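Take a look at the structure below. This briefing goes through it topic by topic.

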Amino acid sequence: MKARILNLGLRRRYEQVVGALRQDLYRYALWLSRDPQAAEDIVQESLLRAWRGFDSLEDAGKAKPWLVTIVRREFLRFRERQREETMDPAVVAEIAEDEADPRVQELRTAIFGLEETYREPLALQVLMGHSTDEIAEIMGLTQGAVLTRLHRARDKLKQAFVEDGIAVQVETG
């Protein structure tokens, strides 16, 4: 009986933590995978792994970076299974259609076109609101490496827009 009550309390705490972050985790997985169905699968598997290890999470304040790290690792496992480097252009178009502003669509398309090395830290910063310290911890990089990748990602976006003749101001720093 006591074990059931403890398990119920753990489950409620898990649902509170995960429920608040689930949409962010999905968006992150979508940016990584560039495929809505894959993103959903990655998040589902990640949440299952999170549940299995949830009792080891000592500080609820660190739940977001912990969950993002699990999603990132699950994405790497997924990619290894898939071994596909290309993306279905129809999926990119489908995602881009969600936004009415054509500039947002162009920006998304440009971000999707970045190499994963640059796309991932940019997504973590812009979509998830992580600091460079948190991104470094999640990706297993130094803060300097994260800053370099973010700088290069922005430069590549600027270059892509200049080449396409699109005037967009991209913040740096």
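Leaving aside its neighbours within four places in sequence, which residues is L124 in contact with? The answer is Y28, V68, G129, H130, I135, I138 and M139. Keep in mind that this is a predicted model. The protein chain has eight helices and zero strands.

**Overall build**

- From the N terminus on, the elements run α-α-α-α-α-α-α-α.
- The protein chain has 173 residues, and buried residues make up 38% of them.
- The chain exposes about 10600 Å². Carbon and sulfur atoms supply 48% of that area.
- Take the contacts between residues at least 6 apart in sequence: 61% of them join residues at least 24 apart.

**The nonpolar core**

- The largest nonpolar core has 44 residues.
- Six residues have the most contacts inside this core: L25, Y28, L67, V68, L122 and L124.
- Several helices each supply at least two residues of the core: α1 (2-33), α2 (36-53), α3 (63-82), α5 (102-112), α6 (116-126), α7 and α8 (143-164).
- The largest share comes from α1, which gives eleven residues.
- Two of the core residues with the most contacts, Y28 and V68, are also on the contact list of L124.

- Helix α6 is mostly covered, with eight of its eleven residues buried.
- Those buried residues are E116, Y118, R119, E120, P121, L122, A123 and L124.
- Helix α7 spans residues 132-139, and its buried residues are T132, I135, A136, I138 and M139. Why do they lie on the same side of α7? They cover an arc of only 165° around the axis, and that puts them on the same side.
- Three of these buried α7 residues, I135, I138 and M139, are in contact with L124.
- G140 follows α7, and its phi is positive, near 70°.

**Salt bridges**

- Side chains of opposite charge can pair when their charged atoms come close.
- How many salt bridges does a search of the whole structure find? It finds nine.
- E15 and R11 meet through their side chains in a salt bridge (3.1 Å, N to O). Both lie in helix α1, four residues apart, which is about one turn of the helix.
- E15 counts as partly exposed because its relative accessibility is 44%. R11 is partly exposed too, at 47%.
- E40 forms a salt bridge with R22, and their closest N and O atoms are 3.0 Å apart. This pair links distant parts of the chain: E40 is in helix α2, R22 is in helix α1, and they are 18 residues apart.
- E40 is partly exposed, at 29% relative accessibility. R22 is partly exposed as well, at 31%.
- K156 forms a salt bridge with E115, with the closest N and O atoms 3.9 Å apart. K156 lies in helix α8 and E115 in the loop between α5 and α6, so the pair ties together parts that are 41 residues apart in sequence.
- K156 has a relative accessible area of 31%, so it is partly exposed. E115 is partly exposed at 48% relative accessibility.
- D24, R27 and K64 are linked in a network of salt bridges.

**Aromatic residues**

- A pair of aromatic rings is described by the distance of the centres and the angle of the planes.
- The whole structure holds four aromatic pairs.
- One of them joins Y14 and W51. Their ring centres are 5.1 Å apart and their planes are at 70°, so the pair is edge-to-face.
- This pair links distant parts of the chain, with Y14 in helix α1 and W51 in helix α2, 37 residues apart.
- Is Y14 buried or exposed? Y14 is buried, because its relative accessible area is 11% and the cut-off for buried is under 20%.
- W51 is partly exposed, at 30% relative accessibility.
- Y14, W51, F54 and W66 form one aromatic cluster.

- R34 is found in the loop between α1 and α2.
- R34 has a positive phi of about 60°, although it is not a glycine.
- R34 counts as buried, because its relative accessibility is 16%.

Terms used
Residues numbered from 1 in each chain as written. Predicted model: local features only at pLDDT ≥ 70, side-chain atom pairs only at ≥ 80, totals over all residues. Heavy atoms only, no water. Buried < 20%, exposed > 50% of the residue type's maximum accessible area, 1.4 Å probe, protein only. Arc of directions from axis to C-beta. Core = buried A, V, L, I, M, F, W, Y, C linked by side-chain atoms within 4.5 Å. Contact = heavy atoms within 4.5 Å. Salt bridge = Lys/Arg side-chain N within 4 Å of Asp/Glu carboxyl O. Areas by Shrake-Rupley, 256 points an atom, 1.4 Å probe, with all protein chains shown as cover. Phe/Tyr/Trp six-rings, centres within 6.5 Å; stacked < 30°, edge-to-face > 60°.
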